[in-house]
Amino acid sequence: AGTGVLGLLAVKAGAARVYAIEKGDVIGAARLLARELGVADRIVLVHGESTAAELPERADVAVSEVLGHFGLEEHVLATLADAHARLLKPDARVIPARVELTVQAADVGPRYADLVQWSEPVAGLSFAPLAALASQVAWGLPEWPRRTLSPAKVIHAFDLAALRANPLPVDMTAALRVTRPGTFHGVLGSFRAQLAPGVRLAAGPDTHWRPLYATVKIAMEREA
């Protein structure tokens, strides 16, 4: 639910009743908006996790925004599997209906030095073991790199409309071909989602989502 904007749009589109579920205190803002816009009688606000919510009826449509920077961090799979089981009609429409996880090679410029600086001694002490650890962890970058070195490649797709159980864990592997000049520092992880046939949403610099980044131990240059 958040501030209730998706629920308000659903009412505007003709929904007879909306169950807006939100676990945070921002639900107060949603309640205020619904009242001020005169639709409080059509929006039922439910405070708590959707996986613990009990609704008096099953819904025809589920509209959600529980997508993390790499798609899955906000538990979209478990959330929608539970919704299908308890909250939605068998033929309910789900928006987004599909989410694809993507990876691509990237040149992150000065950020690379920040992430591998553990390789350099500090006050005569070696922190090399932490450098090795840093190369095995995915980091959230504060902004999108200005240069990517390969096209984005889908490593796995999840059909949220047909989801009936949490499918994790799954194997996610990909071979990336570096096609642009630059220094290969690591791999960006992101997502794109299908909202409706022909309507897609992709995380990128013009959205609030930021890429996850996995660094390599040794940067590699690709010349033009």
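Colleague: Which element gives the most to the nonpolar patch?

Modeller: Bear in mind that this is a predicted model. The patch sits on the surface and is formed by Val-5, Leu-6, Leu-9, Val-61 and Val-63, with about 410 Å² of accessible area together. Two elements give two or more residues to it, strand S3 (59-63) and helix H1 (5-12). The one that gives the most, with 3 residues, is H1.

Colleague: OK, staying with that helix, which residues of H1 are buried?

Modeller: Let's start with the cover: strand S1 (18-22), helix H2 (27-36) and strand S2 (43-47) are included in what lies over the buried residues of H1. Those buried residues are Gly-7, Leu-8 and Val-11.

Colleague: And within what arc do the buried residues of H1 fall, seen down its axis?

Modeller: Again, the residues in question are Gly-7, Leu-8 and Val-11. They line one face of the helix, because looking down the axis of H1 they fall within an arc of 100°.

Colleague: So which exposed residues does the face of H1 turned away from its buried side carry?

Modeller: One of them we've met already: Leu-9 lies in helix H1 and is part of the nonpolar surface patch. Exposed here takes over 50% relative accessible area. On the face turned away from the buried side, the exposed residues are Leu-9 and Lys-12.

Colleague: What follows H1, with a positive phi?

Modeller: Helix H1 covers residues 5-12. The residue to look at after H1 has a phi near 115°, and it is Gly-14.

Colleague: Switching to aromatics, is the pair of Phe-191 and Trp-209 stacked or edge-to-face?

Modeller: The count comes to 1 aromatic pair. For Phe-191 and Trp-209 the centres are 5.1 Å apart and the angle between the planes is 90°. Planes over 60 degrees apart fall in one class, so this pair is edge-to-face.

Colleague: How many residues apart are Phe-191 and Trp-209?

Modeller: Both Phe-191 and Trp-209 are buried. Phe-191 belongs to strand S9 (residues 182-196), while Trp-209 is in the loop between strand S10 (199-202) and strand S11 (212-222). The pair links distant parts of the chain, and the separation is 18 residues.

Colleague: Zooming out, what share of the contacts with a separation of 6 or more comes from residues 24 or more positions apart?

Modeller: The chain has 5 helices and 11 strands, and its C-alpha trace spans about 65 × 40 × 30 Å along the principal axes. Of its 224 residues, 38% count as buried. For those contacts, the share from residues 24 or more positions apart is 82%.

Definitions and conventions: Residues numbered from 1 in each chain as written. Predicted model: local features only at pLDDT ≥ 70, side-chain atom pairs only at ≥ 80, totals over all residues. Heavy atoms only, no water. Patch = residues over 30% accessible without salt bridge, like charges linked within 9 Å, V, L, I, M, F, W, Y side chains within 5 Å. Areas by Shrake-Rupley, 256 points an atom, 1.4 Å probe, with all protein chains shown as cover. Salt bridge = Lys/Arg side-chain N within 4 Å of Asp/Glu carboxyl O. Helix = DSSP H or I, 4+ residues; strand = E, 2+ residues; numbered from the N terminus. Phe/Tyr/Trp six-rings, centres within 6.5 Å; stacked < 30°, edge-to-face > 60°. Buried < 20%, exposed > 50% of the residue type's maximum accessible area, 1.4 Å probe, protein only. Contact = heavy atoms within 4.5 Å. Arc of directions from axis to C-beta.
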